[in-house]
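Trainee: I would like to learn how to read the features of a structure. Please take me through them step by step.

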Amino acid sequence: MKNAVIITGGGRGIGAATSVLAAQKGYSVCVNYRSNEMSANDVVSEIQKAGGEAIAVQADISVEADVERLFQIVDDQLGTLTALVNNAGILEQQMKMQTMTLDRWQRIFNTNVFGSFLCARAAVPRMSRSRGGQGGAIVNVSSLAAYTGSPFEYLDYAASKGALDTFTKGLAKEVAEEGIRVNAVRPGFIATTMHADGGEPNRIERVKAQVPMKRGGTPQEVANAIVWLLSEEASFTTGAFIDVAGGR
Ligand code: NAP
């Protein structure tokens, strides 16, 4: 049986590119999605048509019971979990910090931070050597916003990614002896529909001059870094970060 990977938010954008690439590298892939069933099913079909193995599983990662169900389905249907990509993330309308609401901050932290915590908490015992697991790798999808703070746009989103970075460092140390590596990628401006959620679908055109390479990145370019961190080629790499941001 193949090794299984769960990719949260695997139905669109960076997660979709990562799902397809992970399948090409031999993983059986759980494409998790929150609401967009059609695009998750499209990713599964693409993988299956190429001879790979994949399932789509609906679960809101900010809901504890959903995360437990997600991991149980993978245990039952895909086999040994050796990899997790905490990719699902949200942002909301661009605005200054003083006009943001507590509800909004809670929505963003519930998915970007606590959703990733919940998934990692479910993955670690399944991977831990001391509990009969075979080790594994977790990749957290952070953001260059963790450095920049995203002023006037999404301070809350940026702060959630800062929390994810600190979590990456701490968890990497906590589970290293269990044979589990924990790393993160920090994408810069990547061409996905996430920017439309912030109210500016063409944001990359406006900001690309800030990037030394003078362009935005593609989901595929981020997926390449994620899947490398999952792979045995990264066997001595843990608690590390790859910025996929064109030099920004
Ligand atoms: P995207 O195209 O908007 O896709 C987000 C994915 O996350 C969707 O598949 C969505 O599911 C899923 N999702 C959101 N909330 C969820 C929840 N509570 N439970 C389960 N799934 C959930 O975003 P993207 O641009 O590919 O971003 C992927 C990751 O990269 C995010 O963590 C983002 O912060 C990070 N990132 C992106 C950029 C960028 O420029 N695009 C830059 C830096 C970092 P549905 O399909 O069901 O809606």
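Mentor: Start with a term: a residue is buried under 20% relative accessible area and exposed over 50%. Keep in mind that this is a predicted model.

Trainee: Which exposed residues does the face of H2 turned away from its buried side carry?

Mentor: That face of H2 carries Met38 and Lys49. The buried residues of H2 are Ser39, Ala40, Val43, Val44 and Ile47. They lie on the same side of H2, because they cover an arc of only 145° around the axis.

Trainee: What is the general idea behind a helix with a buried side?

Mentor: An α-helix has 3.6 residues a turn, so residues three or four places apart point the same way. In this model, the buried residues of H2 pack against H1, E2 and strand E3 (54-58).

Trainee: What span should the 13 residues of H2 have?

Mentor: At 1.5 Å a residue, H2 should span 18 Å, and its end C-alpha atoms are 18 Å apart, so the two agree. Just after H2 comes Gly51, with a positive phi of about 95°.

Trainee: How many of the twelve residues of H1 are buried?

Mentor: Ten of them are, so H1 is mostly covered. The buried residues of H1 include Ile14, Gly15, Val20 and Leu21. Among the elements that cover the buried residues of H1 are strand E1 (4-7), helix H2 (37-49), strand E4 (81-86) and helix H9 (219-230). Helix H1 (residues 13-24) reaches 17 Å from its first C-alpha to its last, close to the 16 Å expected at 1.5 Å a residue.

Trainee: How is a pair of packed helices described?

Mentor: Two packed helices are described by the angle between their axes and the distance between the axes. Here, helix H3 (residues 64-77) and helix H4 (residues 102-127) have axes that come within 9 Å and cross at roughly 35°. The crossing of H3 and H4 is right-handed.

Trainee: Which residues make the contact of H3 and H4?

Mentor: From H3 they are Glu64, Val67, Glu68, Phe71, Gln72 and Asp75. From H4 they are Leu118, Cys119, Arg121, Ala122, Ala123 and Arg126. By class, the contact of H3 with H4 has six nonpolar, one polar and five charged residues.

Trainee: Where does Ser142 lie?

Mentor: Ser142 is in the loop between strand E5 (136-141) and helix H5 (145-148). At 3% relative accessibility, Ser142 counts as buried. Not counting residues up to four places away in sequence, Ser142 touches Lys161, Leu164, Asp165, Val185, Arg186 and Pro187.

Terms used:
Residues are numbered from 1 along each chain as its sequence is written. This is a predicted model: local features need pLDDT of at least 70, side-chain atom pairs count only at pLDDT 80 or more; totals for chains, interfaces and linings use all residues. Side-chain values use heavy atoms; hydrogens and water are left out. Axes are lines fitted to C-alpha atoms, for helices over the stretch in contact, and angles run from 0 to 180 degrees between N-to-C directions. Helices (H or I, at least four residues) and strands (E, at least two) are DSSP runs, numbered from the N terminus. A crossing is left-handed if the near helix is turned anticlockwise from the far one by less than a right angle, and right-handed if clockwise. Contact means heavy atoms within 4.5 Å. Ala, Val, Leu, Ile, Met, Phe, Trp, Tyr, Cys and Pro count as nonpolar, Asp, Glu, Lys and Arg as charged, and the others, Gly among them, as polar. The expected span of a helix is 1.5 Å times one less than its number of residues. Buried means under 20% relative accessible area, exposed over 50%, partly exposed in between (1.4 Å probe, protein chains only). The arc is that of the directions from the helix axis to the C-beta atoms.
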